[in-house]
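Look at the chain first, then read on.

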Amino acid sequence: MTPVALEKRPKRNKRGTGARRDMSPAARRRSLTGWAFLIPAAALIGIMMFWPMFQALLLSFQTGRGSALDWADPLLFNYERMLNDDIFRLTLTNTLLYLVIQVPIMLISALVLANILNNPRLRWKGFWRTAIFVPAAISLVSYSLVFRTIFATDGLVNDMLLAVHLIDSPINWLGNTDTARLVIILGLLWRWTGFNVIFYLAALQNIDPTTLEAAKMDGAGPIRTFFSVTIPQMKPMILLTVIMSTNGTIQMFDESYNLTRGGPANTTMTMSHYLFDVSFQNNPNFGYGAALSYVILIIVAVLAAIQMKVGDKRD
């Protein structure tokens, strides 16, 4: 290297980093202003979210009824108790059943509906888009009570089936395990499909139209274009909705509580519903309830990590 080149090399400090310029008063003032806005928000998040989470973790290592709590012996007693808790295993099975059946049907239906609503030749698009999103704007308690009324023994569904002679006697939809689970799944599909349609519709409208035109010029049909061009460009949004839907189903409470009350015999109860019953019904056991909440948190975190690992292939 020539002496001229050596002279042009930037000087470095002892740590090997580039020479650092002192911040100007204006830049320092902007930096302090940013920290002044950030610190109060971070403090509120820490106080209102992370501190209660830490307290719940400590609570999960305690046993007792009501406020009379002591440290468990052994310390993991509440977590060991779950291994022998038949109700917890049943609620875990119910929750995973809703997850495996409802989430794929919901997301596939949302993807198809979004593709239909994105058709430029579709008439009254504003009306159809609003109509399909309306269920997501309805209160969870309200729609659960409506479904409970519709699927009652003397409800609308039985009346319609009897009128067309598909059944000979009314079906006890909410009193049978299989049909009660079916009602919950139908309620979830009705409530949340339109919510995911909005996400997919936004992703479809951001797709580069030249890629679709290039596929058409290459002779690709609508189905081939959809799977080979459209879906790959929607992958980040699909991953987002999968994670949100999975997390929401694992933490589901309203449908189980308001539609079936967890019955019959706890066969439709979800983990969050069981957590509520343990913590606030009968003889409250906050220690065991806190342990249940952390198990739900771990399941949500593990599933989200797996989905991110499998779905996000960015370099």
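Q: In which helix do Asp 86 and Arg 89 both lie?
A: This is a predicted model, where local features need pLDDT of at least 70, side-chain atom pairs count only at pLDDT 80 or more, and totals for chains, interfaces and linings use all residues. Residues are numbered from 1 along each chain as its sequence is written, and side-chain values use heavy atoms, with hydrogens and water left out. Helices here are DSSP runs (H or I, at least four residues; strands are E, at least two), numbered from the N terminus. Asp 86 and Arg 89 sit three residues apart, about one turn of the helix, and that helix is α4 (residues 86-117).

Q: What is the N to O distance in the salt bridge of Asp 86 and Arg 89?
A: Side chains of opposite charge can pair when their charged atoms come close. The cut-off is a side-chain nitrogen of Lys or Arg within 4 Å of a carboxyl oxygen of Asp or Glu. The side chains of Asp 86 and Arg 89 meet this way, N to O, at 2.3 Å.

Q: How many salt bridges does a search of the whole structure find?
A: The pair Asp 86 and Arg 89 forms a salt bridge. Across the whole structure, the search finds one.

Q: Is Asp 86 buried or exposed?
A: Buried means under 20% relative accessible area, exposed over 50%, and partly exposed in between (1.4 Å probe, protein chains only). Asp 86 has 53%, so Asp 86 is exposed.

Q: How much space lies in the largest pocket?
A: A pocket is found on a 1 Å grid over the protein atoms alone: it is an open set of points where a 1.4 Å probe fits, with protein on both sides within 12 Å along at least five of seven lines. Grid points are joined across faces, edges and corners, and the volume is the space filled by probe spheres set on the points. For the largest pocket this gives about 640 Å³.

Q: Which elements give two or more residues to the lining of the largest pocket?
A: Lining residues have an atom within 4 Å of a point. There are 17 of them here, and the closest to the centre are Asn 115, Pro 120, Leu 212, Thr 225 and Thr 230. The elements asked for are α9 (209-217) and α10 (222-233).

Q: How many charged residues are in the lining of the largest pocket?
A: Ala, Val, Leu, Ile, Met, Phe, Trp, Tyr, Cys and Pro count as nonpolar, Asp, Glu, Lys and Arg as charged, and the others, Gly among them, as polar. Eight lining residues are nonpolar and six polar. The charged ones number three.

Q: Which element gives the most to the lining of the second largest pocket?
A: This pocket holds about 390 Å³. Its 14 lining residues include Ala 56, Leu 275, Gly 289, Ser 293 and Tyr 294, which lie nearest its centre. Two or more residues come from each of α2 (25-59), α13 (271-280) and α14 (286-311). With eight residues, the element that gives the most is α14.

Q: How many charged residues does the lining of the second largest pocket have?
A: Nine of the lining residues are nonpolar and five are polar. The count of charged residues is: no charged residues.

Q: How far apart are the C-alpha atoms of Ser 293 and Leu 57?
A: Ser 293 is in helix α14. At 26% relative accessibility, Ser 293 counts as partly exposed. Ser 293 and Leu 57 are 236 residues apart along the chain, yet their C-alpha atoms are separated by 9.2 Å.

Q: Which helix gives the most to the nonpolar patch?
A: A patch takes residues with over 30% relative accessible area and no salt bridge, with nonpolar side chains (Val, Leu, Ile, Met, Phe, Trp, Tyr) joined within 5 Å. The members, among them Leu 44, Phe 50 and Leu 297, have about 810 Å² of accessible area together, by the Shrake-Rupley method with a 1.4 Å probe. Seven residues come from α2.

Q: Which peptide bond is cis, with omega near 0°?
A: Most peptide bonds are trans. Pro 264 is in the loop between α12 (254-260) and α13. The cis bond runs from Gly 263 to Pro 264.

Q: What is the phi of Asn 266?
A: Most residues other than glycine have a negative phi. In the loop between α12 and α13, Ala 265 has a positive phi of about 55°. Asn 266 also has a positive phi, of about 65°.

Note on methods:
Patch = residues over 30% accessible without salt bridge, like charges linked within 9 Å, V, L, I, M, F, W, Y side chains within 5 Å.
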